[in-house]
Amino acid sequence: MSNIITSPSHEAFERTTTKWGSITLFIAFLIATSVPFYLLFVAHADVDFGDILKAFLAVFAVYGVFYIVEPLTYFPILGPAGMYQAFLIGNVANKLLPSAIVAQGTLGVKPGTRKGEYAATMAICGAALIHVASMVLFVGILGTWLVAIIPEPVTLVAKLYILPAILGGVTVQLIVSLKQVKSSIIALGLAAVVILILIPLVPVLAPGDVAIVVLLTIVITWFTRNKALTYTKGTGGADSVGIN
């Protein structure tokens with residue numbers, strides 16, 4: 001039987017994105033994890049398996065918590081198709097997630113809905129396209145010249161404040177678009193308590209501060225949610241979700 005899709009539908013969209021998303025992510029996984037084995041068995045670099053294991057554990061100790069936190073926090077906003085795109089492309093928090101949130105806010109659709117998933121998918125496509133074009137122009141063609149003419153103090157200030165500025169803008173955009181007042185207050189309050197009180201008292205918890213805030217926010221929001229407002233489906237494929 002032919003697998004060619006002859007009519008558009010959400011089921012066909014999910015089937016296609018799941019198939020090709022799984023294939024492309026698995027290929028990317030093989031390429032990414034092949035580098036240590038290339039160094040060991042092909043390049044004959046001056047490293048052994050113990051060195052590679054130590055390096056992995058050092059990275060895992062700092063970023064391992066994000067292996068769980070990022071999928072949990074990004075999935076409701078990006079949806080399945082957007083998740084495949086985002087984790088294949090990279091730069092999720094500072095580029096793709098803001099693009100998806102701005103697109104959903106502009107179109108007036110909620111994250112977690114079909115329309116929100118479509119908006120996130122197209123926004124990631126646009127962000128990736130602009131990213132590649134800007135990389136070719138500003139890095140590939142003009143990179144050396146731009147670095148030479150930009151004063152060093154300006155570069156240092158940009159390094160310090162660009163990422164916080166992006167994440168701050170994304171946070172405000174997300175609060176406005178989701179309109180989940182109670183959940184937002186809980187998340188912001190817990191973040192303040194964890195960063196300003198808990199971490200100074202128990203510094204060993206610092207690598208997991210984001211995970212602590214996310215998990216506590218999920219638990220408290222779940223048990224304090226308005227149970228009368230649950231997942232509902234509208235007509236014509238429209239749907240909506242609610243927590244407050």
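Let me begin with a definition: a residue counts as buried under 20% relative accessible area, as exposed over 50%, and as partly exposed in between, with a 1.4 Å probe and protein chains only. What we have here is a predicted model, in which local features need pLDDT of at least 70 and side-chain atom pairs count only at pLDDT 80 or more, while totals for chains, interfaces and linings use all residues. Residues are numbered from 1 along each chain as its sequence is written, and side-chain values use heavy atoms, with hydrogens and water left out.

With that cut-off in hand, Ile-166 is partly exposed, because its relative accessible area is 31%. Ile-166 belongs to helix 7, residues 152–178, where helices are DSSP runs of H or I with at least four residues, numbered from the N terminus. Leaving aside residues up to four places away in sequence, Ile-166 touches Asn-94 and Pro-98, a contact being heavy atoms within 4.5 Å. Pro-98 is 68 residues from Ile-166 in sequence, yet their C-alpha atoms are 8.0 Å apart in space.

Now to the helix pairs. Helix 1 packs against helix 3, residues 66–89, at an angle of about 20° with the axes 9 Å apart; the axes are lines fitted to C-alpha atoms over the stretch in contact, and angles run from 0 to 180 degrees between N-to-C directions. Helix 1 and helix 3 are therefore roughly parallel, since that label covers angles under 35 degrees, with over 145 roughly antiparallel, 65 to 115 roughly perpendicular and the rest oblique. By class, their contact has seven nonpolar, five polar and no charged residues, where Ala, Val, Leu, Ile, Met, Phe, Trp, Tyr, Cys and Pro count as nonpolar, Asp, Glu, Lys and Arg as charged, and the others, Gly among them, as polar.

How do helix 3 and helix 9 cross, by comparison? The axes of helix 3 and helix 9, residues 209–224, come within 10 Å and cross at roughly 40°, so the two are oblique to each other. On the helix 3 side the contact is made by Phe-66, Val-69, Leu-72 and Thr-73, and on the helix 9 side by Val-210, Ala-211, Val-214 and Leu-215.

Finally, the model has one salt bridge, defined as a side-chain nitrogen of Lys or Arg within 4 Å of a carboxyl oxygen of Asp or Glu. Glu-11 and Arg-114 form it, with the closest N and O atoms 4.0 Å apart. Glu-11 lies in helix 1 and Arg-114 in helix 5, 103 residues apart.
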